[in-house]
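Reader: I would like to learn how to read strands and their surroundings in a model. Please start from the strand itself and go on from there.

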Amino acid sequence: MDEVTGAQLIAESLKTQKVEFMFGIVGVPVIEVAMAAQAAGVKYVGMRNEQAACYAASAVGYITGRPGACLVVSGPGLIHALGGMANANINCWPVIVIGGSSDRSQETTGAFQEFPQVESCHLYSKFSARPSSLEAIPSVIEKAVRTSIYGRPGAVYVDIAGDMVNAKIERNKVREVPCCPPPPVSSAAGDAIEKAVSVLKAAKTPLVIIGKGAAYSRAEDVLRQFVEETGLPFLPTPMGKGVLPDDHPNCAAAARSRALLHADVVLLLGARLNWMLHFGLPPRFNPHVKVIQVDLCAEEMGNNVTPRVALLGDIGAVVAQLLTCIRNDGWRYLSNSEWWGTLKEKIAANAKISKALALKGTLPMNYYTVFHHISQLLPHDCIIVSEGANTMDIGRTMLNNYLPRHRLDAGTFGTMGVGLGFAIAAAAVEGTKIKPQRVVCVEGDSAFGFSGMEVETMCRYNLPVIVIVVNNNGIYSGLDPETWKEMSKMGNLTSVAPPVALLPEARYDEVMTAFGGRGFLVRTPEELRDALQLSLDDWERPCLLNVLIDPSSDRKQQEFPWLTRSNL
């Protein structure tokens, strides 16, 4: 009789459900699961930390629309992955985490790494379960994958007892479970569409906000038609960048604060009125703003601001409905309106300020100088991964995205440490293509520290990721080497060193070279341009640019004095 193990059933079920990538760290009891996954045709990437592995698997889910798998050992291994599960759930990205656990016969006995894993994962996922038998594995995997992508996407967890991994069963006793189909696409009610169009046409200062939900729903084509035929200004959220190109003439990102404050009608497409959009409330929003909210999750409607019109459905489908309705009477927002004039004036003013900062010839460089030169060399089709404090904030405004799902950052949860995992995931996906696109990971030095050992993963798999560490010697700000040296004479550093300070001019580039990658120490614009061009030309190995900047470099002065960490 043809027999199959639990590990094989897990791997084959994942492959049947079109899960193509697995990230993890193996150990007892899941080593055989990883080996079976490779045998089944699932690509396995061994990471250095389960948290980074889960970040990578979730990024695959966002980029491809099908969850990546994260494989972890029991107890501490799963606990390390919980941060990635929480991040995926809050970002609404599909990921399936598979965790080994103690043998069923040892439950409650104090077994090795015993932990209430299924119960714990309920807090961080949409679905958490353990198959009751080997026969149940395919159906549980199918339900987990289906749950991760249906409705609001998110994390799911499947627990595998150690004694089930190598246990065997006759194949003909296992029911075949087919691949779950893509999520059903729903449209909004017709009368609600008509009401939304009426509100939009009556607006004097309208604004379209494009969130990462629009990116995930693959709504870019119909959204471009909608924006260009209506003439409306749009503002992307950080990961909504690229759904329409950042250099599109209707993009008002460079006048973000003014656009939000003065808009009288906001068409909210796949974005949430949470901290990233200042909750939709004054003083950052017009107190009388009318919101047309488009979301696939009914529970999201009305969070913080009651919408004038709620349109429940898939972003692409609903935008197509709006466009059809608008086309019926040929309405278009006037390009010579006072509102457009106000926005263009602010866009020009902000561009002038940023350019002046970028062209400063002083050394060490500031953020704006660094991003100015990076932006001139990056290919338009590259995937940009970004995390950090000022590094992410300023980089978002200066590094343009031209394609959807080509920006990955700290996201809704504001999670630091995601960068290298995201970059590895993007590079793994690109590596399957005939013409792969470059993956550029722009990190603050503090952010790099969370998962810096993953450069070994990049080198081990020959992933040609370009990591740019914008190094200001600290969290938000740091100290120069001379000040650090003098300060160290004042007493024990645990008592006198500022909590935000990191080691000045740390050689992160040598971390990359230690594993066989290519590292560059950069101090000047000329060195930056040369190192980046060499890295872009090198498709054989990962590269890291350690860019030393002024430790006191900061963002340009903001339009509103109450603005602190609210411009993500």
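Reader: How many residues of strand β14 are buried?

Author: Buried means under 20% relative accessible area, exposed over 50% and partly exposed in between, with a 1.4 Å probe and protein chains only. Strands are DSSP runs of E with at least two residues, and helices are runs of H or I with at least four, both numbered from the N terminus. In β14 (residues 383–387), 5 of the 5 residues are buried, so the strand is largely enclosed by the rest of the structure. The model is predicted: local features need pLDDT of at least 70, side-chain atom pairs count only at pLDDT 80 or more, and totals for chains, interfaces and linings use all residues. Residues are numbered from 1 along each chain as its sequence is written, and side-chain values use heavy atoms, with hydrogens and water left out.

Reader: Which residues lie on each side of β14?

Author: In a regular strand the side chains alternate between the two faces of the sheet. For β14, I383, V385 and E387 are on one side, I384 and S386 on the other, and all are buried, which leaves both faces covered.

Reader: Which strands pair with β14?

Author: Two strands pair if DSSP finds at least two bridges between them. β14 pairs in the parallel sense with β16 (residues 439–444) over 5 bridges, and I383 stands opposite V439 there. β14 also pairs in the parallel sense with β15 (residues 407–408), over 2 bridges, where I384 faces R407.

Reader: What do β14, helix α15 and β15 make?

Author: A crossover is right-handed if, with the strands pointing away from the viewer, the path from the first strand over the helix to the second runs clockwise. β14, α15 (residues 390–398) and β15 make a right-handed β-α-β unit.

Reader: In what order do the strands of the open sheet with β10 run?

Author: The order of the 5 strands is β10-β9-β11-β12-β13, with parallel pairing. β10 and β13 (309–312) are at the edges with a single partner strand each, so one side of each has no neighbour in the sheet. The partner β9 (residues 206–210) pairs with β10 over 3 bridges in the parallel sense, and I210 stands opposite P236 in β10.
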